[in-house]
Amino acid sequence: MKIWLNDSLVDQLVLPATGSGWLMGDGIFESLRTYDSIPFALDLHIQRLLRSAEVMKIKAPSAESLERAVYSIIGANKCSPFGRLRITLLSDSQLVITHIPFEEDKKFIALGRHDFSISSRLAISGLKTTSYAENSLALRNAHERGFADVLLVNERKEVMESALANLIWLEGGQWWTPSLESGCLPGVTRALLVENFGVKEGTLLENDLPNVSALAITSSVREIVGVERYESNFYSNFQQVKDLQDSFSAWIFGKLAT
């Protein structure tokens, strides 16, 4: 497998042993799916990466340079039918891009709850940073209890997102997603669902989770994945989740074909 490092393709990743952002989890990244080695919504992910870099005060390559690097690594590592593309930019401006096969799995999952609240007012709220210790610990605890992912709740008991993805819920026949004021990540798939599929922003309190009709998580790599249960509460409205899954996938393929 080839790896893009800084400005060229390499066979092995070699990063500094001292003084580098990777040692401190000090960096930003983007992950997205490719379809027969074609990246979807690459421009939106690059724009978000550059916005994050500006906030984090990290020197970043130009959008054009990033796009050229992406297509270089995709050309070196073809993936079909699906691939996972990751762009990582560290605080010392080390740029690492990988493209590996991705196996789609739309099986419904079980979600647990993180034992600690997450502040909605952190300096890095809404940024996709490599500082994933909180999320990683939450996931390990959830996996020990038999859950695939875990919901994060802010200091106001508002549901934010999962440790790995954004969240949508069905209530009164309407799909909703937590507002950005909750501290959730401004996900690309989340934004596309709001802009093109009528999903609305709202507030979901933790205590109201058992009352919603359906739950799903959304991300650029996994698209839409339905939630079978949250803790001990089971959901049964699977068909509307599957309908949205199918509609969104078809919409993506239609965009790729134009």
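Predicted model: local features only at pLDDT ≥ 70, side-chain atom pairs only at ≥ 80, totals over all residues.
Residues are numbered from 1 along each chain as its sequence is written, and side-chain values use heavy atoms, with hydrogens and water left out.

Helices and strands are DSSP runs (H or I of at least four residues for helices, E of at least two for strands), numbered from the N terminus. Helix α3, residues 63–76, has 14 residues and reaches 20 Å from its first C-alpha to its last, close to the expected 20 Å, where the expected span is 1.5 Å times one less than the number of residues. Its buried residues (buried meaning under 20% relative accessible area, exposed over 50% and partly exposed in between, with a 1.4 Å probe and protein chains only) are Leu66, Ala69, Val70, Ile73 and Ile74. They cover an arc of only 135° around the axis, which puts them on the same side of α3; the arc is that of the directions from the helix axis to the C-beta atoms. An α-helix has 3.6 residues a turn, so residues three or four places apart point the same way.

Helix α4, residues 133–144, has 12 residues and reaches 17 Å between its first and last C-alpha, close to the 16 Å expected. The buried residues of α4 are Asn135, Ala138, Leu139 and Ala142, and they lie on the same side of the helix, because they cover an arc of only 100° around its axis. What covers these buried residues includes strand β8, residues 149–153, while the face turned away from the buried side carries the exposed residues Ala133, Arg140 and Glu144. Helix α4 is followed by Gly146, whose phi is positive, near 90°.

In helix α6, residues 238–257, lies Gln245, which is buried with a relative accessible area of 5%. Leaving aside neighbours within four places in sequence, Gln245 is in contact (heavy atoms within 4.5 Å) with Lys106, Ile224, Val225 and Gly226.

The largest pocket holds about 920 Å³ of space, and of its 42 lining residues the closest to the centre are Phe29, Lys128, Tyr132, Asn135 and Ala163. Elements giving two or more residues to this lining include β3, α2, α4 and α5. The second largest pocket holds about 170 Å³, and the largest share of its lining, five residues, comes from α5.

Two cavities of 30 Å³ or more were found in the whole structure. The largest cavity, of about 60 Å³, has a lining to which β3, α5 and α6 each supply at least two residues, with α5 giving the most, three residues. The second largest cavity, of about 40 Å³, is lined by Glu158, Val159, Pro178, Ser179, Ser182, Gly202, Thr203 and Leu204.

How values were computed. 1 Å grid on protein atoms, 1.4 Å probe; cavity = no way out; pocket = protein on both sides within 12 Å on 5 of 7 lines; lining within 4 Å. Points joined across faces, edges and corners; volume = space filled by probe spheres on them.
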